[in-house]
Amino acid sequence: MTAALRPSVSACPACDAAPAAAALADAAPLPDARIALSVPAVHCAACISTVEGALARHPGVKSARVNLTLKRASVEADAEVSAAELAEVLAKAGYEAHELDAGTLSATENDKAGRDLLMRLAVAGFASMNVMLLSISVWSGAEAATRDLFHWISAAIALPTIIFSGKPFYVHAWNALKNRRLNMDVPIVLAIVLAVVTSLWETSLSGEHAYFDAALALVFFLLAGRYLDHRTRAVARSAAEELAALEVPRATRVCEGVEDVVQVSELNVGDLVLVKPGGRMPVDGEIVDGRSELDRSLLTGETLPVFAEPGLGVSAGEVNLTGPLVIRASAVGEQTSLHRMADLVAVAESGRSNYTSLADKAAKLYAPGVHILSALSFLGWYLYTFDMRTALNIAAAVLIITCPCALGLAVPAVTTAASGRLFRKGMLIKHSTALERMAQVDTVVFDKTGTLTAGAPELVNAETFSEEEFGVALALAMGSSHPLSQAITHAGQAAGIRPARLNEIEEVPGYGTQGQLEGRRVRLGRASWVGADAREQTSAYLSIGDAAPKAFLFADSLRAGAEEAVAALKDAGMNVVLISGDTTGAVETLAERLGIERWVAEALPEDKAMRVQAMSDKGQHVLMVGDGLNDTAALAAAHVSISPASALDAARVASDIVLLGGDLSPIPDALVTSASAIKRIRENFQIATVYNVIAVPLAVAGLATPLIAALAMSLSSITVSLNALRLR
Amino acid sequence: MQILAYLIPISLFLGGVGLVAFVYTVRSNQYDDPEGDAQRILSGQYDDKPKT
């Protein structure tokens, strides 16, 4: 908020501070740089010492430390050491490394909330063990003064512990009450408070029963559930942040002919930005200089590159393919179409949060139920005995015995086990109710480009060319980074073709590559440039001298696991649908290859979202799998959504689950795992109910001693935890 | 029963020592990289400091 209030010319406060920081840097020696690198391949002790050793030997590096759990290396180095340098050092040592954006990572660098919970859990554990020892002496027959002494010592340990360790519950319960809602924490807090108050009262009257141990055990078990829950989310969050941090937001700004690399946040409207071949547009704008081709597949779903020349408008997220482009920015940062789309998604997402999880549904039934039961037993016993103390004691016993240790552990224990299992298979659960929604899915909608296909073309008609022609094409293609050229290079090298000897090879950005073969001009590129008739299919054209041009035809290569995933989903009785923004021909071919009967081609982004919405309106539960900007609205509209890690940030934000690897085959597994997770959660609720059915009548009848309460509580918590472990 | 006067404070004290030790380990980031710590013990390098 402070940044918005400040009257500043630049978009962010960091830019205002930058000149000051620069002045400071001139005066004092440069401060150390902290560099974070993602090193996905480290997995053993030898890897750790190799990576740390390689980094430490690099001049300027002060210290390097590998975190194996996060597969990250953090380096402290002199300011002039750059992350790119270090990544190169690691590549030489045999480890692939990527720079991470330190700003995006800082949020999870030290997990404050997790530590806080762990600390409270430890204190509750320490206290409940000590109090339990004292309670055991009481249960095994300590009498009179000794018993009172033990109760007072228990109180002295329990009171501060409950105040400290129970804080998360008090805060949550208070927030719920403030908004006039009931959640699981309200009965918990009431039970804790009532248990402590009646125990203190009993102790002061030197009574027999005190529930300090039960209150502490309650806090301990529930904190354990909370901590499990937190760990699951923290792992997902840090991995999601790492994905976001992989895209280091830098751009090359051209200012009066001087190029300098700046943070994207420092760009302003009207700046000239240079985008090199292979780079992604950082801003919306208009091309002012250069010719090239643009890959718009992430935004529109079309696989054919678009010809780019001065005057064409570009949007952030498009990839520049062949030649350098200079762009005049018309919208930067939050104003780019990419960002606006992500914001729209955030709005659509709030609709999804209306889904009530199983735990919330249980809590809604449960919370009023136990309060009414406890109030009734208080009233009944008071009318029966006219003794306030007995009545209150029994009401407290009812609340403690019914308290949802099992419920509080049932859901987190199962979701932790399930998401851990999916994480090992390469899926990241981002949303807390994603597993439950996933278990209901009956229809799966796939996007084509970038989701079912890898987005990289594959040469399909290599056999129609003679070795000589292919050699010429190979020689031309090898010099270019255009995806079609690379496909030809791959195919040629795989077939063992030797490149022809050409002279004067040059790439003409936006058109193709040309050269001289024994005095004849040879060209590989666009139809119009080569002098051929354009075809509908993705193709590149080769002309040798005056001979008629021949076409290389391409098809999108399938993503790994796509065939298996579609087949497994169909076997499981799912409705599989393909909706794509690409041309009819391309979509039909793919649908036939994968055996998908229902497909839609040339769908606009709104079309996709509407079709998904229509299916949901018919009562179908849709799982949407997509990666592009054109999918984001549909991803948000679907019941559950999955996007691959290669997707645009906006699409990843919109989806509940991110596929970390390039492989699609875990998707059917995820459906199976989520279904069995929901089954376990239901079983756990049943266990908790059975236990209440046995224990509650005892408590209402006034037969529940602290010993029985402690036994029953621990037993039910341990049963649900063990049941959750069966999921592995 | 005299023995209780010693035993109870001693048990509380020992429990407290455990708790303080735990708080120290949390504060000094010793739970940040459990997998790495398990592997580092296999490497020959002498490593006398927890992660800073």
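Me: UniProt positions follow the numbering used here, feature names are shortened, and annotations may be inferred rather than shown by experiment. With that settled, where does UniProt place the feature "domain: HMA" in chain A?

Reply: The unreviewed entry puts this feature at residues 33–98 of chain A. The end C-alpha atoms of that span lie 16 Å apart, and the span is 35% helix and 30% strand. Helices here are DSSP runs of H or I with at least four residues, strands are runs of E with at least two, and both are numbered from the N terminus.

Me: What kind of model is this, and how are its parts numbered?

Reply: It is a predicted model: local features need pLDDT of at least 70, side-chain atom pairs count only at pLDDT 80 or more, and totals for chains, interfaces and linings use all residues. Residues are numbered from 1 along each chain as its sequence is written, chains are lettered from A and ligands numbered from 1 in the order in which they are written, and side-chain values use heavy atoms, with hydrogens and water left out.

Me: How many helices and strands does chain A have?

Reply: Chain A has 27 helices and 26 strands. Its C-alpha trace spans about 115 × 70 × 55 Å along the principal axes. An automatic or database assignment sets the domain bounds. It gives domain 1 (33–100), domain 2 (249–335), domain 3 (413–452 + 559–674) and domain 4 (457–557). The centres of domain 1 and domain 3 of chain A, taken over C-alpha atoms, are 35 Å apart.

Me: Which parts of chain A carry the annotation "transmembrane region"?

Reply: The unreviewed UniProt entry lists several spans, including 117–137 and 209–228. Residues 117–137 of chain A are 100% helix, with end C-alpha atoms 30 Å apart. Residues 209–228 are 85% helix, and their ends are 32 Å apart.

Me: Which residues of chain B carry that annotation?

Reply: The unreviewed UniProt entry gives residues 6–26 of chain B. That span is 100% helix, and its end C-alpha atoms lie 31 Å apart. Chain B as a whole has 2 helices and 0 strands. Of its 52 residues, 17% count as buried.

Me: Why is A:Leu629 called buried?

Reply: Buried means under 20% relative accessible area, exposed over 50%, and partly exposed in between (1.4 Å probe, protein chains only). A:Leu629 has 7%, so it is buried. It sits in the loop between β24 (622–625) and α24 (632–637) of chain A. Contact means heavy atoms within 4.5 Å. Among the residues that A:Leu629 touches are A:Leu298, A:Met341 and A:Ala650.

Me: What makes A:Trp381 and A:Tyr384 an edge-to-face pair?

Reply: Rings of Phe, Tyr and Trp (its six-membered ring) pair if their centres lie within 6.5 Å; planes under 30 degrees apart count as stacked, over 60 as edge-to-face and the rest as tilted. The structure holds 9 aromatic pairs over all chains. For A:Trp381 and A:Tyr384 the centres are 5.8 Å apart and the planes make 80°, so the pair is edge-to-face. The two are 3 residues apart in helix α13 (residues 358–385) of chain A, which means about one helical turn. A:Tyr384 is exposed because its relative accessible area is 65%.

Me: Why is the pair of A:Phe465 and A:Phe552 called stacked?

Reply: The ring centres are 4.0 Å apart and the planes stand at 5°, so the pair is stacked. The partners are 87 residues apart, with A:Phe465 in the loop between β16 (453–459) and α18 (467–478) and A:Phe552 in strand β21 (residues 550–558) of chain A. Both are buried.

Me: How do you know that A:Lys550 sits over the ring of A:Phe465?

Reply: A charge sits over a ring if NZ of Lys or CZ of Arg is within 6 Å of the ring centre and within 35 degrees of the ring normal. A:Lys550 lies over the face of A:Phe465, at 5.0 Å from the ring centre. Likewise, the charged end of A:Arg120 sits over the ring of A:Phe164, 4.8 Å from its centre.

Me: What makes the phi of A:Phe386 worth noting?

Reply: Most residues other than glycine have a negative phi. Phi of A:Phe386 is near 55°, a positive value. A:Phe386 lies in the loop between α13 and α14 (388–402) of chain A. Its relative accessible area is 60%, so it counts as exposed.

Technical notes
Lists of a residue's contacts leave out its neighbours within four places in sequence.
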